[in-house]
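Hi,

Here is the structure I promised to pass on. My notes follow below it; have a look whenever you find a moment.

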Amino acid sequence: MSPLTESTVLDQLKSVKFPGYSRDIVSFGLVKEIKLAADSISVRLAIATNNPAVPDTIKRDAEKALRDLAGISSVHVAIDISNPPDTAKGTGGAAVTGIAGVRHVIAIASGKGGVGKSTVAANLAAAFQQRGLRTGLCDCDIYGPSIALMFGATHEQPMANSDNTIIPIERYGIKMMSMGSLLDDASPAILRGPMVTRATQQFLRQVDWAGLDFLVLDLPPGTGDIQLTIVQTVALSGAVIVTTPQEVALIDARKASAMFAKVNVPVLGLVENMSYFVSPGDGQRYDIFGSGGGRREATRLRVPLLGEIPLDMATREAGDRGMPVVLENPQGPVSTKFLSIADTLREAVANAK
Ligand code: ADP
């Protein structure tokens with residue numbers, strides 16, 4: 001019999017699913033420590049939840065799985081339980097629930113502003129739509145709403161029906177909504193803490209998104225009140241983190257990733273944007289913001305690097321013209337990359353649920 005190793009124990013723990021998900025506790029990053037002795041195993045897990053049934057179920061399933069290992073006579077599973085961050089201040093302990101009629105909600109996040117998060121969100125939504133999936137795109141970035149611009153929809157206002165449900169506008173077959181459009185002229189700068197939390201919750205629940213395969217949320221950059229409210233109250237299929245190869249962006253990407261880990265939302269991968277520039281004149285490649293940062297960070301976070309999107313004039317121009325490049329030129333080199341990222345995401349969420 002081969003000696004017991006940490007990796008055998010981890011493999012065994014991969015059979016334990018997080019309650020309500022088909023994803024396992026190892027891929028959620030819950031295993032914090034493994035100690036091995038001759039015939040005993042002790043494991044420490046960390047879980048952020050308000051539901052006491054969750055750690056109980058995980059403990060029972062993990063102990064059972066480990067006892068199945070040959071030659072083990074003693075198994076001990078300890079669980080550190082913490083509250084999801086900011087529940088007292090933010091959501092009053094509201095439960096995490098799905099959005100009615102939506103199969104998968106994917107959040108697009110970044111630590112730092114200006115890295116191209118909205119460009120990635122817009123093009124991924126467009127890519128899902130191009131693949132024949134019913135898609136919605138929600139701009140939650142009230143501090144710099146640019147989705148409406150990228151879809152040429154700045155003058156369109158959503159309508160409400162008789163029971164005060166908001167009907168999203170539709171552009172190029174994609175249902176769209178911008179939180180900014182519901183905030184009247186209140187300056188985002190004065191919207192803080194509980195007010196933002198209330199507005200976010202109301203917004204997400206009052207819009208009629210029913211009938212979608214994918215809802216893409218363009219989160220504000222960083223880890224503020226809006227992001228926390230969303231990750232704590234909406235059942236997300238996962239998050240995608242956008243970064244540039246620059247160290248300053250990577251540091252912030254790490255913080256964004258930690259926010260999702262705390263509430264057990266899987267980070268489906270990293271998209272490195274503005275990865276390089278290919279000169280149209282001589283085809284020479286320039287690594288304007290450095291190179292390899294996204295790949296290194298993805299390895300560090302143990303998440304896939306979903307794609308490297310170049311700094312590309314056509315992408316910027318299409319967005320400025322009001323039609324994401326994936327819709328304007330689906331066969332173009334950058335569009336192909338977005339379509340391939342969308343395919344990977346689709347596969348990842350299908351396997352996880
Ligand atoms: P964020 O949402 O992170 O603030 P945006 O998506 O609004 O970033 O992008 C910031 C600016 O950079 C926009 O003008 C956008 O057109 C441009 N941009 C983003 N990604 C690219 C890219 N890959 N190539 C060229 N321009 C880009």
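A word on terms first: buried stands for under 20% relative accessible area, exposed for over 50%, and partly exposed for what lies in between (1.4 Å probe, protein chains only). Helices (H or I, at least four residues) and strands (E, at least two) are DSSP runs, numbered from the N terminus. Please keep in mind that this is a predicted model, where local features need pLDDT of at least 70 and side-chain atom pairs count only at pLDDT 80 or more, while totals for chains, interfaces and linings use all residues. Residues are numbered from 1 along each chain as its sequence is written, and side-chain values use heavy atoms, with hydrogens and water left out.

Helix H8 (residues 293–301) has Gly293, Gly294, Glu297, Ala298 and Leu301 as its buried residues. They lie on the same side of H8, because they cover an arc of only 130° around the axis, taken from the directions from the helix axis to the C-beta atoms. Exposed Arg296, Thr299 and Arg300 sit on the face turned away from that buried side. After H8 comes Arg302, with a positive phi near 55°.

Now to the ligand. Lys117, Ser118, Thr119, Pro310 and Asp312 come nearest among the 15 residues around it (a heavy atom within 4 Å counts as near). Helix H3 (residues 117–130) gives the largest share of this shell, three residues. An oxygen atom of the ligand lies 2.8 Å from a backbone N or O atom of Lys117, and for Asp312 a backbone N or O atom is 2.9 Å from a ligand nitrogen atom.

Best wishes

Terms used. A polar contact is a pair of N or O atoms within 3.5 Å; within protein, one must be able to donate a hydrogen and the other to accept it, and residues adjacent in sequence count only if both atoms are side-chain atoms.
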